[in-house]
Amino acid sequence: MEIIKGKPIRIVKSSIDNEDNVDIDKYIPEELEYLKCFITSVLSGHDSSRFCRLKIQQFLEECVSYGKSHFLIKEIDQLLEELINQMLKKINDEPFENDPKNELNTISLEFVDEELKSSPHYYALTKFEICWCNVRLALSDLTKICNPLESSLFKSSSGYTILDKAISHFLRDSVERKKLYEDIETGLLALVYRYRSGNKVNFCQLYNVVEMFSCIELFEQFENKLLEETSRYYSNLSSEHLKKSSFSECYRKFNETIESEKKACLYYLTDESANKVIEVVKKELLFNNCENLVNPENLKLLLKNNDTDSILLVNSLYVNTKFNQLLFDNIFTSSKDICNEIVSLYLNRKNYDECHSFAEDLNNYQKKLDTLLKPIMKSSEYIVRLNNFWTTILNKDDNTIEYVTLSLAKHADELFIEYSKEAIESKLKFVLHIFQYLSNKSYFEQCYRNMLSMRLLYHKQLSEVHYETVGMLKQECGVNYSCKLRDVIDFYERSASLLVDFKDALNDLNFSVILISQDSWIYKKINITKSPESYESFENAEVLEGKAEEPDLTNNKLGGDENLNLLLFLQNRFGNYYLNKFKKRSIEYYPQLGSAELEFTFKGKTYDLQLSIFQAYCLLLFNNYKYVNLKHIEDVVNSDYNEALLRNHLALLNSLPTPLIKFYSESIDFNTCNKNDYFELNSDFHHSDTSIDFRPNKQDLFRLDMNYVTTGRTFEDLLPYIESTIVRYLKQTLEASSVTVFKLFSKNPNFTLTRDQFNKVIDSLVSREFIQFNKTNKEFLQYIA
C-alpha cells in the first residue's frame, strides 16, 4: 500500500479572552466524546470529513489553558490502546477470504496481488502492512490536531507524543505474539529472495514493513538475518556463474548484479543498511573469488584478446578496495609473461631484420598499458611499476640484453628508411623511452656507433634522424656518453668539407672519403683483420701454388684504360693531402670497407653495379685485360692487398646462376684457385635487373665481435654510462654521500665496479667541473648547476 502525502492543513489560531471564569468540566464530557469519535473514525480508516477539526483543536487549547492536559492524555491513551489492540488482533496469517468481517481482510482484498499469494506468510505480511499504514496515516492527522496538547507538554519534561505511545503498543504485541512477527520477518526475506530471483515484488510493501520493524526494535534482528541470507544466496550464485560462464562474462554479470541489488536496496532500506548489504554482495561475488577473477592466467587471456573493456570493468569492481593492488600486480605479471613471450619469439629467430616489427610490438604493448592502467593508477605508482616491468623484461639475461639492444640500435638507425617523417618522431621517442630501462646503456652506445659507422661506409650519408638521436642520447646521458657518437658525426662532416677543398683533383670520378676517428671506432684493433667465418672454406682448403692451366695470352692486353690507376692515385693523393693539412695526425686506408659504383655495358645492355672496392679493382682490370688472376690484382693494389677478403668479395661476382666472371678452368672457384688461375668476364652473363648490388652484406663489412657477454662488461666501455649515472643522480638530489652514490653500482648485476675505479671516476668528474666535493665534508658530493 502506498501512502500519498498531501499538504498539511493550516489551522488559523484565534482566541478571545473571557473576563468571567468558565466551568470547563461542564463542557468536557460532550467535547471529549466528540474527540473520541473523531479518533476512532481516523484510526479505523473511515471518512472523518464530518468532523470539525477546528472545533476539536479549540477544545484542546481550552483544556490546556485550564490545566486539563494530563486528563486528556490519559483518556486519549486509553482509547488509542483499545483501538490499536483491536486492530493488532486482526493481524493473522489466514487467507483474506476466511474472515469477511475482518476489516483488514476487506482492505487487503483491494490490494491483493495474485502472483505474490504463493510467497510465504504473504497474508500476515499484508495485514501487518495495512494495519501499520492506517495507524501511521491516522496518527499523522491526529498529531496536527493534538498539537496544542503536545506543545503544552513539551514545555515540561514529560516528553509525551502520540506516535511514541502508539508504537509502544506494537512493541508489546511483538513480544506477546513473537511467532507471528517471526513469520512476518520470514515473509520479508521471502520477498527479498523473490526480487533477487527476478520475480515481481511490491517494494512499497517491503519499505512499509521494514519501517515498522525499525520502530519496534525488530530491524536489527531482521538486518542480521538479511545479511546472512544475502551471503548464502550470492555465494551460491557466484559459484554457479563461475562454473558456467567465462571470466569476462562473470565480470559483466557480477557488475549488473551489484548495481541491481544496490538499486533495489535503496527502495526499502536506509543508506546505512543498503551499504551493509552491498558489502556482503561484493564479498561473496568479488572478494571471496578474487584469486579466480584476477588470476594472472585469466588476465593474460584478456590482454592477448585485447579485451580492454573487461579489464577496465574488473578494475571498476575492485576500485578503492584492498584487492585493487592485487589486480594491478597480476595485470603486470600477465603483461610480463606476454612480453617475455614476444621477446622470446624474436630471440629464437634472432633475425635483426625484424627489428622494426619487434620495436612495434613493444610499442603497441606500451600503448596498451598506457590505455589500461595509466588512467586508473596513481601517476607515481604507475611509473614505478612500469620501470620494474620494462627493466625485468629487457634485462632478463645476456642473450635478451644482446638481442634487445642490437635490435633497438638497428631500429633507430633505419627509422628514416622505414617510416614517414610524421611517424619518425613518435618512433624515436619510444626508442628513448625503452632506452632508459636498459641496464647496460654503454652497450647500446657501442651498437649504435657500429650502425652509424656501417651506414657511413656503406651508404656514405647520415640522416637528420641520426643527428636527433645522438642529441637525445646526449640530453639523456650526458656529454661523456655521446662523445664518441658525436665524433663519428664530426668526422663525417669533416670528410665532406675536406673533399670540397680536394675537388680540383677529382676529374670525372665521383671520389669520396669517409673519415672515422680511431678513438671512436668500435673495433679497438682495426689494423688486425679478423677473418670471418665465411672464409673458413678458403683458409682450410689445400691451395697449391704452381703453374696453372693458362688460356692463350697472346692478345690478353686490350688497351690502356687508366681509371684504375687514377683511382689508386686519388687514394694516395688524398692521404698525402690530409697528412700535409694535419701535421700531427696519421691516416690509414681500408679498401675492404669501401664501395664503388660502376656503369657496365655488356652486349648492348647497360648495368649499374654496386661494388666493393676489391670488386671494382677486378672489373676495372678487365678494361685492360681479357684474362685476370689474383696476382694481377696484387701487383696493382700493393699494400692494400688482402687475399682472404679479396677472394670473399670476388666470389660474389662468381656466384650468380649466370655469373659476371668465370674461371678459365671450370673446376675451380675462388675458394680453391691459386694466384695464377685466370678468370674472365662471362660472355653468357645476363641479369633481369639493370641495377645489381654485388657488395657483401652490410653486416659482413664489419666482422666485429658484438656479443654482449664479451663486450658488455669492460670498465672502459662502461665509463660513459657510469659517469652519466653519477651526474644524473646528483642533479636530482643536489648532494649525496660518496657511499650512497657508490651503492648505485655495487649491486649492478652487469658489471663490478671497484672502489678504486669509482674514486677515479669521481676525481675525473670533479676536475671537469661536473660535480664538486662539499667544502666542509669531502665525503659528500654536490652537483654543479
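Q: In which sense do E2 and strand E6 (residues 691-693) pair, parallel or antiparallel?
A: Bear in mind that this is a predicted model. Three bridges link E2 and E6, and their sense is parallel.

Q: How many bridges pair strand E1 (residues 595-602) with strand E2 (residues 605-612)?
A: E1 and E2 make a hairpin, with two residues between them. One of the pairs sets Phe602 against Lys605 in E2. The two strands run in the antiparallel sense, and the bridge count is eight.

Q: Which residue in the turn of the E1 and E2 hairpin has a positive phi?
A: Strand E1 covers residues 595-602 and strand E2 covers residues 605-612. Two residues sit between the strands, and the one with a phi of about 55° is Lys603.

Q: Which strands stand at the edges of the open sheet of three strands?
A: The strand order here is E3-E5-E4, with antiparallel pairing. An edge strand has a single partner strand, so one side of it is left without a neighbour in the sheet; that applies to E3 (627-628) and E4 (661-663).

Q: Which residue in E5 does Tyr627 stand opposite?
A: E3 is joined to strand E5 (residues 679-681) by two bridges, and the two run antiparallel. Across from Tyr627, the residue in E5 is Glu680.

Q: Why is helix H29 (residues 643-653) described as largely enclosed by the rest of the structure?
A: Let's look at burial along the helix. The buried residues include Glu643, Arg647 and His649, along with Leu645, Leu646 and Leu653. H29 is largely enclosed because, of its eleven residues, the number buried is nine.

Q: Are H15 and H16 roughly parallel or roughly antiparallel to each other?
A: The axes of helix H15 (residues 308-318) and helix H16 (residues 324-349) come within 9 Å and cross at roughly 155°. The cut-off for this class is over 145 degrees. H15 and H16 are therefore roughly antiparallel.

Q: What is the handedness of the crossing where H15 passes H16, left or right?
A: The residues that meet here are Ile311, Val314, Asn315 and Tyr318 from H15, and Asn324, Leu327, Phe328 and Ile331 from H16. As H15 passes H16, the crossing is right-handed.

Q: Which residues in H5 meet residues in H8?
A: Helix H5 (residues 122-145) and helix H8 (residues 178-196) have axes that come within 8 Å and cross at roughly 100°. That makes the two helices roughly perpendicular. On the H8 side, the residues involved are Leu180, Tyr181, Ile184, Gly187, Leu188 and Leu191; on the H5 side, they are Ala124, Leu125 and Phe128.

Q: Is Ser407 buried or exposed?
A: Ser407 is found in helix H19 (residues 398-413). Leaving out residues up to four places away in sequence, Ser407 touches Tyr352, Cys355 and Phe358. With a relative accessible area of 1%, Ser407 is buried.

Q: What share of the contacts in the protein with a separation of 6 or more comes from residues 24 or more positions apart?
A: Here's the overall picture. The protein has 33 helices and nine strands, and 49% of its 785 residues count as buried. For contacts with a separation of 6 or more, the share from residues 24 or more positions apart is 72%.

Q: How much of the accessible surface of the protein belongs to carbon and sulfur atoms?
A: The total comes to about 40,500 Å². The part that belongs to carbon and sulfur atoms is 49%.

Terms used
Residues are numbered from 1 along each chain as its sequence is written. This is a predicted model: local features need pLDDT of at least 70, side-chain atom pairs count only at pLDDT 80 or more; totals for chains, interfaces and linings use all residues. Side-chain values use heavy atoms; hydrogens and water are left out. Two strands pair if DSSP finds at least two bridges between them. Helices (H or I, at least four residues) and strands (E, at least two) are DSSP runs, numbered from the N terminus. Buried means under 20% relative accessible area, exposed over 50%, partly exposed in between (1.4 Å probe, protein chains only). Contact means heavy atoms within 4.5 Å. Accessible areas come from the Shrake-Rupley method with a 1.4 Å probe; for residues, only the protein chains shown count as cover. Axes are lines fitted to C-alpha atoms, for helices over the stretch in contact, and angles run from 0 to 180 degrees between N-to-C directions. Angles under 35 degrees count as roughly parallel, over 145 as roughly antiparallel, 65 to 115 as roughly perpendicular and the rest as oblique. A crossing is left-handed if the near helix is turned anticlockwise from the far one by less than a right angle, and right-handed if clockwise.
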